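Reader: I'd like to go through this one quickly. Can you walk me through a strand and then a pocket?

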Amino acid sequence: MASTLTLKSHTSWGDAWQRCLAVAPEAFRDERVLNLWNAAWQADGRPLPATSPVDGRPTAGPPRLDAATAERAVRAALDQHRAWRHVLLPERRARIAAALDALTEHRALLALLLVWEIGKPWRLAQADVDRAIDGVRWYVDGIEPMIANRSPLDGPVSNIASWNYPMSVLVHAMLVQALAGNAVIAKTPTDGGVACLTLACALAAREGVPVTLVSGSGRELSEALVRAPEIGCVSFVGGRDTGAAVATAVADLGKRHILEQEGLNTWGIWNHSDWEAFAAVVPKLFDYGKQRCTAYPRFVVQRALFDEFLAAYLPAVRAVRVGHPLAVERPDAPFPELDYGPLINAAKAKELTDQVTEAVDRGAVPLHRGRPQDARFLPGQDTSAYVHPVTLLNPPPSSPLHHAEPFGPVDTIVLVDTEAELLAAMNASNGALVATLSTDDRATFDRLAPQIRAFKVGHGTPRSRGDRDELFGGFGAAWRGAFVGGELLIRAVTQGVPGERLPGNFPEYRLTP
């Protein structure tokens, strides 16, 4: 694409930062953000340098605390918790509702921060903010029957989440946990989102919501945020390696936990003929460059249908739109309609590109590679964090792309001849969060779906985390601890009758609602 694009007016990082300083001066200072603990913003910690994945420009980095300061923050959060758990529900609802009103007022700024910090296209950044606000409002309006005969935990909830959904996953969880009567602690993700989270927490803290927001190395802060006796529950969203360490710690301590981990979500094709419907959904599967826990990076295709699959898939994947999320033809033009922008950083882009190269060297067949000239970029901008869509046939077993979630815009295809091979390939990662099976015969779907080790299985349509009353969890190594969503999220962060068995995936039992 001939580069005649310019940055949309009033959307620069400098514009966003100045608005943060004006909206929440207590939380933003000069070129850095502050930590929030003991009900006050603290100019402590050592700010790390950070850059935007969008174009490599410097942004605000997380101010990393040491372990001793984190322990003080946790003890202060326990004091907040002991006071907040006795605040009556009508007042808690009023304060959370006021925080939601403030988030709504500053919706555009929160979304713009997501664009610069984690590379979300404008449409998806707005959706992340809106899902957080709308989801928590649903709980505010209907929490009474969910919380009947239940009480807050004995200590605050500690939240450790990945960078990809700061609002709709992390802020949403924090506000619902507080609505249920708990003080909440969150660690900012190291890879991005610190300014967005700082602004959101500043708006909530002004309304008297007991929020603690700290930054630091996961390894250094784990003793305080995971193992500390003051913590009532650990809520984790991230990869399996880190999640396994957290799982070991909470299991040793018998601590309440919610651990959402990655899995290889698969889409199976078996005796299928509605290719028009399938082709329509392919570009949507590339939303945010597949940097989400419910992305579908693996297609398991009946060999006899491979030609028809490619005839539908390849034109659709060529239509995927990539580029700078704020690059427009004129400064006053609407935001560009993109499926995704950069990956979270240049290091991840290089890692994924190297994995693709290695897989091809070892026998994978490249079926599609997106062209840089088709993307929307500003003249001379840094593009080191961008990876264009790639599709590989039969990645070798030695490749990480064969058995693990790539967390990027790389699709892999595996061909199968029997139903047994279909199920084995769809269950390659010992548990997943979602899966889909496209088959014309409903009876075939009903017979095979229970054998697919995913918490949600769609019939020809993608599944997601869901919102409001939709439950969410995982099978196998994709999830440990209590399931969430709807009433289950409230149950996960409150106490019921002695000996209660929460729905979830625990070492000693698995209970599906």
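Author: Start with β11. Both of its faces are covered: V157, N159 and A161 on one side and S158 and I160 on the other are all buried. Buried means under 20% relative accessible area with a 1.4 Å probe, protein chains only. Strands are DSSP runs of E, at least two residues, and helices are runs of H or I, at least four, numbered from the N terminus.

Reader: What should I know about the source?

Author: This is a predicted model: local features need pLDDT of at least 70, side-chain atom pairs count only at pLDDT 80 or more, and totals for chains, interfaces and linings use all residues. Residues are numbered from 1 along each chain as its sequence is written, and side-chain values use heavy atoms, without hydrogens and water.

Reader: How many bridges join β11 to β14?

Author: Five, and the two strands run parallel. Strands pair if DSSP finds at least two bridges between them. N159 has S235 as its bridge partner in β14.

Reader: And which residue of β12 partners I160?

Author: K187. Four bridges join β11 to β12, again parallel.

Reader: New topic. What is the volume of the largest pocket?

Author: About 1200 Å³. A volume is the space filled by probe spheres set on the grid points, joined across faces, edges and corners. A pocket is an open set of points on a 1 Å grid over the protein atoms alone, where a 1.4 Å probe fits, with protein on both sides within 12 Å along at least five of seven lines; lining residues have an atom within 4 Å of a point.

Reader: Which element gives the largest share of the lining?

Author: α9, with six residues.

How values were computed:
Buried < 20%, exposed > 50% of the residue type's maximum accessible area, 1.4 Å probe, protein only.
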